[in-house]
Amino acid sequence: DGQPLLTHERYRQVGRLVNSVLRAEPRPHYLLLPELALPRKWVSSVSNRLLQSGISLVSGVEYDTRQPGTVRNDAVLALTDDRLGFGSSVLIFQSKSAPAPGEEETLLRLHSRGWWPPRKPWCLVYRHRGFEFGVLICSELQDIRFREKLQGEVDALMVLSWSKDLETFSALVESAALDVHAYVAYVNNRLYGDSR
């Protein structure tokens with residue numbers, strides 16, 4: 001509805017998660033968060049804290065409702081970068097190509113908002129410090145065209161999800177590892193679990 005929950009308690013919860021990642025041994029190269037996990041207003045502060053410690057962020061971002069009558073669903077990639085000879089970073093937003101079954105209907109019925117951008121299957125291969133990966137947002141994993149485009153092109157496929165259909169996605173994660181010939185990192189909303 002365009003009104004993200006920006007409470008102090010929620011920010012503290014995100015802060016505790018980030019701090020636990022920063023204390024982890026060994027320190028991870030990436031933190032993955034599920035679809036719709038971060039409010040847009042917090043992307044900079046959360047990603048900057050991680051990037052300062054050399055950790056890249058790949059996360060779902062709450063719906064973008066800035067365009068009247070539309071909804072956009074994005075992933076954000078905040079990636080460390082040192083190609084210029086000094087530490088820096090790059091921030092990339094990748095839009096979900098199409099809504100999940102029932103998602104568009106719910107958005108129209110409850111909030112009178114249509115899907116943006118136009119539906120077209122596209123995906124990128126990110127080349128980051130010798131590691132090549134692709135990012136899919138939830139139901140995009142169900143579209144064989146995405147997996148076909150990434151087949152043999154990536155070391156890993158990162159899937160950011162918010163799905164209660166654990167049975168379907170369990171099978172999809174296993175088949176995607178075989179289809180794409182890559183590792184699959186699947187992160188789901190903690191309400192439903194099954195991140196792997």
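This is a predicted model: local features need pLDDT of at least 70, side-chain atom pairs count only at pLDDT 80 or more; totals for chains, interfaces and linings use all residues.
**View 1. Strand β8 pairs with both β7 and β9.**

**View 2. Strand β8 is largely enclosed by the rest of the structure.** The strand spans residues 156–160, and because 5 of the 5 residues are buried, it is largely enclosed by the rest of the structure. In a regular strand the side chains alternate between the two faces of the sheet. In β8 both faces are covered, with Ala-156, Met-158 and Leu-160 buried on one side and Leu-157 and Val-159 buried on the other.

**View 3. Ser-139 sits in the loop between β7 and α4.** This loop runs between β7 (131–137) and α4 (144–150), and within it Ser-139 is buried, with a relative accessible area of 11%, which is under the 20% cut-off. Leaving aside residues up to four places away in sequence, Ser-139 touches Lys-96, Ala-98, Pro-99, Ala-100, Pro-101 and Phe-169.

**View 4. Ring pairs link Tyr-30, Tyr-126, Phe-131 and Phe-133 into a cluster.** The structure holds 6 aromatic pairs. In one of them, the rings of Tyr-30 and Phe-131 have their centres 5.6 Å apart and their planes at 45°, so the pair is tilted. Because Tyr-30 lies in strand β1 (residues 30–38) and Phe-131 in strand β7, the pair ties together parts that are 101 residues apart in sequence. Tyr-30 counts as buried at 18% relative accessibility, whereas Phe-131 is partly exposed, with a relative accessible area of 23%. The rings of Tyr-30 and Phe-133 have their centres 5.7 Å apart and their planes at 70°, so this pair is edge-to-face. Since Tyr-30 lies in strand β1 and Phe-133 in strand β7, the pair ties together parts that are 103 residues apart in sequence. Phe-133 is buried, and its relative accessible area is 0%.

Terms used:
Residues are numbered from 1 along each chain as its sequence is written. Side-chain values use heavy atoms; hydrogens and water are left out. Helices (H or I, at least four residues) and strands (E, at least two) are DSSP runs, numbered from the N terminus. Buried means under 20% relative accessible area, exposed over 50%, partly exposed in between (1.4 Å probe, protein chains only). Contact means heavy atoms within 4.5 Å. Rings of Phe, Tyr and Trp (its six-membered ring) pair if their centres lie within 6.5 Å; planes under 30 degrees apart count as stacked, over 60 as edge-to-face and the rest as tilted. Two strands pair if DSSP finds at least two bridges between them.
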